[in-house]
Amino acid sequence: PGEILRARGDIPEGVVAVRVAGKVVDFHTPIDETADFELVQASEPDGLRVIRHSSAHVMADAVQRLFPGTQVTIGPAIDDGFYYDFDRPTGPFSDEELRTIEAEMAKIVKGKSRFRREIVSRDEAIARFSAMGEKYKVEIIKGIPEDEELSFYVHGEKGQEWIDFCEGPHVPSTR
């Protein structure tokens with residue numbers, strides 16, 4: 001959808017995703033070029049879910065930058081915000097550390113890094129997360145039916161990319 005909208009020169013301010021046949025997808029998810037789609041505004045409930053989901057990724061990125069060795073499990077959008085479950089070797093975060101995470105998130109947002117979607121094989125997904133020491137992600141991937149498509153979402157600049165196994169959808173950029 002992003003390519004189609006850019007080709008038209010028409011991505012209105014506040015649009016974070018599109019709805020195709022009732023399903024919300026991001027600008028990165030391939031669709032039939034002839035498909036009808038509706039724009040999803042940030043102000044809509046579906047748009048807010050996309051923003052919250054992307055915010056969870058930004059938070060997990062910030063946590064792993066600040067606290068190496070912390071593992072990420074799941075991190076969805078929820079009705080009143082978003083979260084990620086973390087396995088941190090040194091235990092829970094303090095209030096001061098939470099403020100530090102929030103400040104790091106603000107830096108990531110200012111970076112305006114594009115979210116990118118990658119389709120990967122099951123073996124590649126397991127190998128990449130195994131190499132990263134992300135045992136929970138490996139466990140989740142192994143539990144997904146063999147016939148399901150697997151995707152990664154990546155944001156960040158070379159050398160500071162953050163990646164997660166995720167079906168999306170996500171906003172166009174961290175901004």
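How close do the axes of helix 4 and helix 5 come, and at what angle do they cross? In this predicted model, the axes of helix 4 (residues 122-131) and helix 5 (residues 135-142) come within 8 Å and cross at roughly 165 degrees, where axes are lines fitted to C-alpha atoms, for helices over the stretch in contact, and angles run from 0 to 180 degrees between N-to-C directions. Local features here need pLDDT of at least 70 and side-chain atom pairs count only at pLDDT 80 or more, while totals for chains, interfaces and linings use all residues. Residues are numbered from 1 along each chain as its sequence is written, and side-chain values use heavy atoms, with hydrogens and water left out.

**Helix 4 and helix 5**

- The crossing angle makes helix 4 roughly antiparallel to helix 5, a label given to angles over 145 degrees; helices are DSSP runs of H or I with at least four residues, and strands are runs of E with at least two, numbered from the N terminus.
- Arg-122, Ala-125, Ile-126, Phe-129 and Ser-130 of helix 4 meet Lys-137, Val-138, Ile-141 and Lys-142 of helix 5, contact being defined as heavy atoms within 4.5 Å.

**Nonpolar cores**

- The largest nonpolar core has 13 residues, and those with the most contacts inside it are Met-59, Tyr-84, Ile-101 and Met-105; such a core is a set of buried Ala, Val, Leu, Ile, Met, Phe, Trp, Tyr and Cys residues joined through side-chain atoms within 4.5 Å.
- Helix 2 (45-66) and helix 3 (95-110) each supply at least two residues of this core, and the largest share, six residues, comes from helix 2.
- Ile-101, leaving aside neighbours within four places in sequence, is in contact with Met-59, Ala-62, Val-63, Leu-66, Phe-67 and Phe-93.
- A second, separate core of twelve residues includes Phe-129, Val-154, Ile-163 and Phe-165.

**Helix 2 and helix 3**

- The axes of helix 2 and helix 3 come within 9 Å and cross at roughly 115 degrees.

**Phe-37**

- Phe-37 lies in the loop between strand 2 (23-25) and strand 3 (38-41), and Phe-37 counts as buried because its relative accessibility is 18%, the term meaning under 20% relative accessible area with a 1.4 Å probe and protein chains only.
- Not counting residues up to four places away in sequence, Phe-37 touches Ile-4, Leu-5, Arg-8, Val-18, Arg-19, Val-20 and Ile-31.
- Phe-37 and Val-25 are twelve residues apart in sequence and 9.8 Å apart in space, C-alpha to C-alpha.

Technical notes. Buried < 20%, exposed > 50% of the residue type's maximum accessible area, 1.4 Å probe, protein only. Parallel < 35°, antiparallel > 145°, perpendicular 65-115°, else oblique.
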